[in-house]
Amino acid sequence: MDKELDAYWMPFTANRQFKKNPRLLAKASGMHFWDDKGRQILDAVSGLWCVNAGHNRPKIVQAIQAQAEEMDFAPPFQMAHPKAFALASQVSALAPEGMGKVFFTNSGSESVETALKMAIAYHRARGEGSRTRLIGRERGYHGVNFGGISVGGIVANRKMFGTLLAGVDHLRHTHDLARNAFSVGQPAHGAELADDLERLVALHDASTIAAVIVEPVAGSTGVLIPPQGYLQRLREICDRHGILLIFDEVITGFGRTGRPFAAQTFGVTPDLMALAKGITNGAVPMGAVLAKDKIHDAFMSGPEHLIEFFHGYTYSAHPLACAAGLATIETYRDEGLLTRAGELQDGFAELVHALKGEPNVIDVRNIGLVAGIELTPRVDEPGKRAFEAFLDCYDKGVLVRTTGDIIALSPSLIVEPAQLEQIVETVRGALRRLK
Ligand SMILES: Cc1ncc(COP(=O)(O)O)c(C=O)c1O
């Protein structure tokens with residue numbers, strides 16, 4: 001192995017395999033990366049579901065440069081800088097009605113932890129301190145911190161790390177190939193799976209449950225689209241029992257499903273929303289929690305000189321991130337990007353669903369500018385077929401992502417129809433070449 005590659009312990013990577021044959025990216029612009037040898041690669045996954053406006057957008061680059069020169073850092077505790085307020089206003093202006101408060105973090109994982117803590121502390125502030133239980137969902141991904149993996153439902157992310165948080169339970173996942181394979185958009189079957197929450201309420205009693213957290217579209221587990229009526233039903237059950245509903249919109253936020261947030265696409269407003277990624281177009285790490293006003297207001301009691309919520313990060317509302325965020329939202333607005341996935345979704349759906357019938361394809365699913373292509377796993381080698389498809393596509397100049405035996409596509413919102421075709425044709429070629 002090259003000595004140069006030795007020290008870096010890579011995240012979520014097969015380190016030994018990678019270091020034998022590294023894939024190094026050197027430059028990016030628009031829909032493309034270039035590798036260290038100058039080869040152009042079409043990015044079919046927005047980097048990692050984050051570069052929603054495409055790479056190295058001039059306004060964002062300039063905003064970061066200007067901010068770095070003007071003020072590198074401002075402490076966020078008992079101090080602030082104007083761009084933090086400006087960005088919070090802009091983010092809440094995009095959100096569903098009533099979600100008027102924004103708490104900044106530095107990643108999706110931190111946004112999830114923040115939202116979970118807010119939910120528990122909110123109930124306590126209102127005198128319902130017994131509501132401490134958190135409900136997640138099987139196959140959910142909520143980042144990698146202890147709260148997130150506890151409510152999360154991806155076995156590999158949980159099993160190495162002991163007993164996790166106490167007082168957590170899970171809804172069943174909504175993946176149902178038998179009834180919903182090859183659904184275009186939202187699958188028809190599965191709204192009743194939301195009733196699982198009633199089962200958990202019957203088991204634990206509503207008075208012990210603080211919140212339910214779900215991804216409106218589960219991304220990392222391999223693109224699971226919510227069945228028609230499922231999220232509405234979950235909202236109704238939460239309301240009936242005084243349970244907060246948290247949407248983890250870390251990947252669905254900022255235009256992925258055709259509206260600024262999936263909450264708007266599906267017409268269901270949560271109480272708290274975890275955001276990250278597209279908030280700065282991936283250019284500077286940042287996350288945020290959007291909260292309903294009533295949640296924030298519940299904390300605003302007691303003497304005014306006291307801190308109301310004992311939580312925050314050194315880099316919350318970092319000036320570089322806020323500058324990037326403001327320029328990102330301006331770019332989204334100027335180019336109409338937050339609704340563009342809706343305009344492209346029918347064409348994209350037609351292309352990806354035409355993969356039905358290719359070798360080993362057992363499902364294709366889509367919404368907005370997201371698609372999942374599920375393959376039959378090889379006996380005794382789960383995940384290997386899709387990983388080989390990833391390597392094959394990369395070799396042919398297209399970057400896709402895989403989890404298990406599912407290929408996920410999530411191109412930037414600036415993607416052109418011809419590029420969507422190139423992406424899907426490259427996947428088709430890989431499927432045909434693979435065993
Ligand atoms: C739904 C969801 N939540 C949380 C996260 C974690 O975000 P981060 O990697 O920025 O901590 C991700 C990352 O992909 C995600 O998809």
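Domain bounds here come from an automatic or database domain assignment. This is a predicted model: local features need pLDDT of at least 70, side-chain atom pairs count only at pLDDT 80 or more, and totals for chains, interfaces and linings use all residues. Residues are numbered from 1 along each chain as its sequence is written.

**View 1. Two domains of the protein chain.** Domain 1 covers 3-53 + 337-433. Domain 2 covers 62-334. Their C-alpha centres lie 26 Å apart. Domain 1 gives 34 residues to the contact, and domain 2 gives 29 residues. Two residues are in contact if their C-beta atoms, placed from the backbone, lie within 7 Å.

**View 2. The side of domain 1 that touches domain 2.** Five elements each supply at least two residues to this side: α2 (46-49), α14 (340-353), β11 (361-367), β12 (370-375) and β15 (406-409). Helices (H or I, at least four residues) and strands (E, at least two) are DSSP runs, numbered from the N terminus. By class, this side of domain 1 has 17 nonpolar, 12 polar and five charged residues. Ala, Val, Leu, Ile, Met, Phe, Trp, Tyr, Cys and Pro count as nonpolar; Asp, Glu, Lys and Arg are charged; the others, Gly among them, are polar.

**View 3. The shell around the ligand.** The shell holds 14 residues. S107, G108, S109, G143 and V250 come nearest. Helix α5 (residues 108-125) provides the largest share, three residues. The shell has seven polar, five nonpolar and two charged residues.

**View 4. Helix α4 against helix α13.** The axes of α4 (residues 82-94) and α13 (residues 319-334) come within 9 Å and cross at roughly 40 degrees. Axes are lines fitted to C-alpha atoms, for helices over the stretch in contact, and angles run from 0 to 180 degrees between N-to-C directions. The crossing is left-handed, that is, the near helix is turned anticlockwise from the far one by less than a right angle. From α4 come K83, A84, A86, L87 and Q90. They meet P319, C322, A323, G325, L326 and I329 in α13. The contact of α4 with α13 has eight nonpolar residues, two polar and one charged.

**View 5. An open sheet of four strands.** The order is β1-β2-β3-β13, with mixed pairing. Two strands pair if DSSP finds at least two bridges between them. β1 (25-29) and β13 (398-399) are the edge strands, each pairing on one side only. β1 runs antiparallel to β2 (residues 32-35), joined by four bridges. S29 stands opposite H32 in β2.

How values were computed
A residue is near a molecule or strand if its C-beta atom, placed from the backbone, lies within 6 Å of it.
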